[in-house]
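Grab a pencil and open your viewer.

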Amino acid sequence: MWKTILRRILIMIPEVIILSILVFLLAKAMPGDPFTGSINPKADPQQIHHLMKINGLYDPWYQQYWHWVVHLFHGNLGNSYQYQEPVTRLIGGRAANTLWLALFTMILTYAFALPMGVYAGRHEGKLPDTIIRVYTYVTYCIPFFVILVLGIWIFGYVFGWFPTTGSISSSASGWLSTIGSRFYHILLPGILGALFGTVNIVQYLRSEVIDAKGSDYVRTARSKGVPSKDIYRHHIFRNSLLPIAAFAGYSITGLLNGSIFTETVFSYPGMGLLFVNSISYRDYTVITALVLIYGILNLLGTLLSDIILSIVDPRIRIE
Amino acid sequence: MDKKKLALSAVAVLATISLAACSNNKSSSSSSGTTGAAVKLSAAYNNTKATDKSATNNSTLKVAEPNDSPFQGISDPVLSTNSEDADVFSPGGSASLWKTDKNYKIVDGGLANQRINRKAKTVTITLRSNAKWSNGSKVTAKDIEYPYEVIANPKTTSQQYSADFNNIKGMAAYHTGKAKTISGITFPDGEKGRTAVLHLDKVTPAMQYAGNSFIWSTVEPYEYIKNVPIAKLASSSQVRKNPIFTGPYKLDKVVEGESTTWSPNKYYYGKKAQIKHISINVVSSNNIDKAIQSKKYDFTVPASVMHGTDYKQLKNLKDYKIVGQPALSYDYFGFNVGHYDTKTQKNVMDKNSKMANKNLRQAMMYALNLDAISKKFGNGITWRANTLIPPIFEKYYDSSAKGFPLNIKKANKLLTDAGYKKRNGSKWRSDPNGKKLTIYFGAMTGTSAQAAEYQDYLQQWHKVGLNVKFTGGKTMEMNSFYSTLQQPKQSKIDVYAAAWGLSSEPTPTQLYGEDATYNMGHFVTKKNTQLINNMNNSKAWNESYRTKAFKEWQDYMNEQAAVAPGSFSYSWNPVNKRVKGFDIGPDNNEFWSSLSLTSSKLE
């Protein structure tokens, strides 16, 4: 098992290198440069050239790439052109925001979806099942940004129950009120995200439960006289979790991706918005850093999924 | 961020206007020049209710900054590159040196006064005796000089250096790293004194106006930031977390990218701030109208970007007054008539270029129905522009200019007279030599309303028999649009629609001058150079001469139609009726300290 993991990690190294070269080249291939957006009657093109030069943007790509790699090994991802601060600090601040929101959303999603999935599977074809199925499909059909805009309008503006902008209140000070304010700010986007993101988990779980219900080991357990509650808890539930476990690795590493929609509507400074902005501003250093991070996280996600799967399902354990 | 916002943010970035202009200078009456606008907005909200003392002392003035991304958080005008940062830090006064009148002319009574000595070619800047930073330390002569060091330092991240600064003696040597100090800036009573003198190669009438490109208009707290290397200034906590200011308010707290909070600065020299707490929050421009409708904010930051569609939503609100004045910007059409010679660093007109014929350009402009477009998509706050100086410059704006109203007949006649005729039964006109004529229109991807406008332009051009197509078959992403236009020589775009944001000193040298790289259509004539130079020659110290020079240039540009006016619009704000003293006119130099509240809750 450990050997496999080690081997997987070793394979990741060339993958990351190839990924970084691709990202680097693609970023540079986009039309424009970090300073195209800032043309204005007062910005002298000579000064822009000067800035391009001292930032090495006129060098051939392999030289730029090499500088970047050298800096990378010193833990330096460069400076953001747009934000004029170190990329690590910039991403650090945003990553924390995104992580809290995504973690909260994920916990809530599982908290809603698992019971719903099991319940629907258990009562297959009956009214609760139909209601849950309709619910998941309806939530699946509505574009998420519509939900966000409606949600912020109804609960944020009309009722005024939740904050509508930012990740923390500007008047929060002190340890407790800071945490409280942060939590208050992720509450509405988190709940909306969870309520409207259940479809995959519910549907997988439901069909797995239905499958498992008719399987031999369940029939055996029943004939042994095991109480129905225990059958569901110990036999069916664990087996039905397999496909969901397969996704778990991705969802954990996906926590940092951020959601452009949520972040735009709630003016929540996170990774999704940072990524999109960095592309439109041609903020190369930020683009490359982010794509690299996402790439590594994805590779880790696959690995993590395999590991989780092997824990849940001893049959596929690799020796 | 979708494409619509990209285009809009592009406009916002382009509108990096002088900070002196966007912080504390706004006008009272600007009714002239807005004749084309469907509504008349006033630059001030005259609230007649009495100020509520306890409300003003105890409740928080809530201000919104409509923006789709977190602000960068660079409080220093020397280093900041965007208007959002200027907006969220504006209660601090933006370290502005000058007080201005309604024409943005520098008058005595600000943080400093300036005296221009035309004979000695010097500008003397003298700080007022009680000028202090918000941490209580004195503003010194060195603080006047330090911005130049930061701007021109070879390692700077500032984008502000321009060739016009070479006019200061010793500046070029410092910029290239040959000199350690700027020899042309001296301190008659020492660095800790109150006076700095700039020694110049020439003095120009533009220097009398805030926002000119020769004299920097803000101070830097030298003592406070001297230990930070200039290359690292933009990321330092002195600039981001704990900046100090010279204006009516001091910063209490900044939440990175989200909000700033303010309280009165007891060291401020001018009118004492009345409201005790101010908070400015970034609000997504997708729901700014809902935020205002549900009374979350007192107003939006002056000069921040508010869209026409928001105006439609908010104009009838009972508890909000819409305040506005013509924006420091204009939309225009540019024609590609030449190239930029990289050797001589000058723009050159090509006689044989596709768009070289004046009749063709005029005809294309007369074919457009800009009035109808503004009426349909402008929501009442955008109107057809008649010239290239926006009406906010009351003195220089030529209200009598005709611009290009719809006139299909005239357009057809202009084309036929110039030899652009339909030949061999073709539905399109060919060029005077009988060759096929296809004109490529470059436009930036934007809102759906903009897309409809572009389609209408094409249709109108088709109506007069011109085969006009989008460059590349569709609208262009902002970056590729500008990188195409900024190539020294390009033939992909023949005509384009774009916008300029202006500084509060409107001399157009850097946009349409002979050696201007932003002269992307490369229109150059002797007469144009002459007319632009007239605005700042020795006779232009005479106000009426300068005004005349501006009007002559506007006439000439309209006649040549190489760069043609598109539209003007209002810069506007919804203001809650509990706010008193709201006035965004350029001559209100005490915008933030004039505000008070008439009730403790939003009305």
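This is a predicted model: local features need pLDDT of at least 70, side-chain atom pairs count only at pLDDT 80 or more; totals for chains, interfaces and linings use all residues.

**Exercise 1.** Work out how helix H4 (residues 87–122) of chain A and helix H7 (residues 175–195) of chain A are placed relative to each other.

*Solution.* Two packed helices are described by the angle between their axes and the distance between the axes. Start with those: the axes of H4(A) and H7(A) come within 8 Å and cross at roughly 45 degrees. Angles under 35 degrees count as roughly parallel and 65 to 115 as roughly perpendicular, so H4(A) and H7(A) are oblique to each other.

Next, look at who touches whom. H4(A) brings A:Trp100, A:Leu101, A:Phe104, A:Thr105, A:Leu108, A:Thr109 and A:Phe112. Facing them from H7(A) are residues including A:Arg182, A:Ile186, A:Pro189 and A:Leu195.

**Exercise 2.** Describe the side of chain A that touches chain B.

*Solution.* Count first: chain A puts 43 residues into the contact, and chain B puts in 52 residues. Then find the elements of chain A that give two or more residues: helix H2 (45–54), helix H6 (144–158), helix H12 (260–265) and helix H13 (271–280). Finally, the chain A side splits into 20 nonpolar, 19 polar and 4 charged residues.

**Exercise 3.** Find the annotated domain in chain B and summarise its secondary structure.

*Solution.* An unreviewed UniProt entry annotates residues 110–513 of chain B as "domain: Solute-binding protein family". Over that stretch, the chain is 23% helix and 21% strand. The C-alpha atoms at its ends are 32 Å apart.

Key. Residues are numbered from 1 along each chain as its sequence is written. Chains are lettered from A and ligands numbered from 1 in the order in which they are written. Axes are lines fitted to C-alpha atoms, for helices over the stretch in contact, and angles run from 0 to 180 degrees between N-to-C directions. Helices (H or I, at least four residues) and strands (E, at least two) are DSSP runs, numbered from the N terminus. Angles under 35 degrees count as roughly parallel, over 145 as roughly antiparallel, 65 to 115 as roughly perpendicular and the rest as oblique. Two residues are in contact if their C-beta atoms, placed from the backbone, lie within 7 Å. Ala, Val, Leu, Ile, Met, Phe, Trp, Tyr, Cys and Pro count as nonpolar, Asp, Glu, Lys and Arg as charged, and the others, Gly among them, as polar. UniProt positions are given in the numbering used here, feature names are shortened, and annotations may be inferred rather than shown by experiment.
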